[in-house]
Amino acid sequence: MTERVAATPGLYPLPDWAKETLSDLKGHQKGDLLSGDESKAIVEEYAEVRAEYVDDQLDAGLDRVVEGQGRWDDMIAHPLTVHDSVETGGIVRYYDNNNFYRDPRVVDDLDASGDVARELERATDLIDGEAPLAATLPGPYSLAELATDEHYGDEAAFQAAIAEFLAGEVEAFPAHETLFLLEPSLVTNPPADGEESAATDAIATVTDATDADVVVQTFYGALDEKLYAHLVDEAGADALGLDLVAGDRDDTVYNVQEFGATDSLALGLVDGQNTLVEEPETVAERVEWFESQVPAEGFDTTYLTPNTELFYLPANKYRAKLNALSAAAEVLD
Amino acid sequence: MVRNPSANREQFRPHDHPNDAFLLTTVVGSYPKPKWLNRADELVDDPDSKFDEGDLEEAHDDACRLITHEHERAGLDTVVDGEMRRNEMVEFFADRIDGYEFNGPVKVWGHNYFDKPSVVEEVEYDEPWLVDEFEFTSDVSERPVKVPITGPYTLGFWAFNEAYPSTEELVYDLADLVNEEVEKLVEAGARYIQIDEPALATTPEDHAIVGEALERIVSGIDEEVRIGLHVCYGDYSRIYPEINDYPIDEFDVELCNGDFEQIPTFTDPEFEPDLALGVVDAHTAEIEPVEEIKENIRQGLRVVPPEKLTISPDCGLKLLPREIAYGKTENMVTAVREVEAEIDSGAIDVDNPLDD
């Protein structure tokens with residue numbers, strides 16, 4: 001019998017009060033963005049933000065709780081932009097969105113920094129055993145795509161170094177039930193024909209670094225079929241995350257029917273980029289519909305997730321989306 | 001297809017214009033707000049302050065008068081009020097259109113946010129959006145007034161669409177509302193309207209949607225009304241030559257920012273609407289010298305003859321210090337008048353405009 005788990009890949013919008021206090025403390029310009037060695041006042045502000053995120057998730061009744069990544073000014077490029085071996089360049093567009101991040105220019109060897117692990121330790125204290133922790137990281141393929149290499153000199157070496165770096169970060173994590181690896185670039189800018197295995201090898205390097213269940217969350221549309229097959233077979237993911245909101249849903253169904261699936265699946269059911277809040281019954285129907293399209297006897301776990309991060313939304317709608325996911329999982333129970 | 005720009009251009013030539021050649025000078029719209037106006041905006045929200053809505057309206061009137069006169073003093077042929085009454089280019093209109101709701105700010109980058117609205121039901125026209133603003137500016141100005149309006153594509157795609165099956169359908173409904181507003185502005189005497197579509201720069205593949213929206217906007221609008229389209233920051237090759245089919249009189253571009261590298265894009269096939277060329281950078285805080293701006297103006301002559309060339313800054317100047325914005329505008333007008341004189345005298349060969 002398939003277990004249904006309501007969860008999110010994190011990257012939440014800052015609460016409105018924190019948007020103000022943090023912009024007052026930090027400023028509005030490029031040079032004011034988070035560097036990783038922020039002042040005590042800023043650390044304390046983020047601690048309050050983190051506590052609010054944990055409360056939001058526990059209140060909603062999610063089955064996994066994330067740290068919320070309030071500090072990630074540069075979205076999923078964050079683990080690099082705060083790294084000592086990285087200099088930040090200009091402000092560049094974040095995928096096809098009206099959002100921007102600092103271009104991380106890698107200029108030296110990437111070693112584990114422990115930045116994300118420290119966030120997760122604080123989140124673990126806040127959660128206090130009330131729910132399992134889910135960690136969030138960019139996947140190595142997307143992170144390499146978002147960054148600029150000025151050190152390794154070779155695309156394959158750079159991707160492998162990013163994967164090793166992320167694996168090192170994961171090894172320092174506190175106990176976590178699930179790890180979400182965010183891989184939107186697999187959809188928006190897939191590896192060239194024949195290069196698929198290099199990407200899946202890089203992902204496997206990270207998935208091997210944890211005993212937790214790993215969800216490789218892809219989004220902004222459907223995966224190319226060949227790449228999809230490689231991911232299922234080679235990435236070492238417990239669950240592939242599929243976007244059922246953006247792009248052509250039929251392509252995704254076709255991929256699963258044609259090439260099978262990982263033992264578990266994460267379904268991006270709730271629109272992370274639209275304020276319209278889905279009815280729990282509608283979300284539940286979509287889960288059942290998708291599961292019925294697939295010939296297998298059932299998945300170990302179906303994760304009910306938003307298709308993307310949630311920082312695109314105003315704070316009130318982000319909370320409503322958490323509630324919708326949790327309520328949908330209850331409808332299915 | 002292009003409207004008839006030659007039918008409406010001459011009305012903007014000042015009676016005392018010094019040269020035979022006439023390169024129409026204008027601005028894109030926004031201008032730095034005086035600091036006291038920002039304070040006034042905050043003060044009206046302060047429950048402990050006696051400063052009320054009536055006081056704020058007076059402050060807005062004062063600011064509009066001030067900036068309109070500042071534009072006149074800079075010598076512009078057509079002026080705006082610097083958008084002193086507007087907060088943000090989508091928010092301002094969403095606030096006035098039935099069907100939008102606001103849920104709170106969303107992140108753009110770092111700690112820069114935007115109150116991105118949601119369309120929650122069919123959009124409808126309620127009260128006029130800009131007629132009061134236009135009438136006020138017109139009353140205080142000796143020069144013709146241009147009215148910038150955020151276009152329906154940007155109003156649609158820079159919002160959350162909860163209500164329409166597709167955002168394209170929302171855009172067309174919004175275009176009908178913009179058409180209604182343009183009709184009212186024309187009735188009030190407006191003869192120069194600029195539609196701003198910055199969103200097109202990020203999704204150039206949607207140029208046909210913008211084209212269809214423009215058809216709706218200009219429906220029934222007489223050819224003596226000049227309709228411009230402003231699109232900033234983008235790869236123009238992805239919307240050119242398609243824009244030659246747009247029903248506009250003038251296409252306003254930001255090229256100074258990229259050192260005019262994209263000028264050749266517009267030379268083949270022949271550019272059909274009038275070209276409104278940005279010749280000062282809206283994002284550098286140095287005032288370009290007159291000589292440099294004159295060189296920039298010559299770049300425009302590679303695309304169109306003088307009688308089809310309009311000159312403006314790259315984009316709205318609101319992010320600059322005010323004295324820099326003024327300095328750029330003043331130098332721009334000086335440069336234009338000198339270029340006109342050099343065209344008259346033959347010192348500039350309009351067929352080979354970069355030759356000395």
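Which residues of chain A does the UniProt annotation "domain: Cobalamin-independent methionine synthase MetE N-terminal" cover? I looked it up: the unreviewed entry gives residues 90-292 of chain A. UniProt positions follow the numbering used here, feature names are shortened, and annotations may be inferred rather than shown by experiment.

I noted that this is a predicted model, where local features need pLDDT of at least 70, side-chain atom pairs count only at pLDDT 80 or more, and totals for chains, interfaces and linings use all residues. Residues are numbered from 1 along each chain as its sequence is written, with chains lettered from A and ligands numbered from 1 in the order written.

Next, I checked residues 90-292 of chain A: the span is 43% helix and 20% strand, with end C-alpha atoms 47 Å apart. Helices (H or I, at least four residues) and strands (E, at least two) are DSSP runs, numbered from the N terminus.

Then I turned to helix H11 (residues 280-293) of chain A. I found Pro280(A), Val283(A), Ala284(A) and Val287(A) to be its buried residues (20 or more other C-beta atoms within 10 Å of the residue's own; exposed is 12 or fewer, partly exposed in between; C-beta atoms are placed from the backbone). Seen down the axis of H11(A), they fall within an arc of 100 degrees (taken from the directions from the helix axis to the C-beta atoms), so they line one face. On the face turned away, I found the exposed Glu281(A), Trp289(A) and Ser292(A).

Last, I looked at the chains together: 25 residues of chain A are in contact with 16 of chain B (C-beta atoms, placed from the backbone, within 7 Å). H1(A) gives the largest share of chain A's side, 5 residues.

Methods. Contact = placed C-beta atoms within 7 Å.
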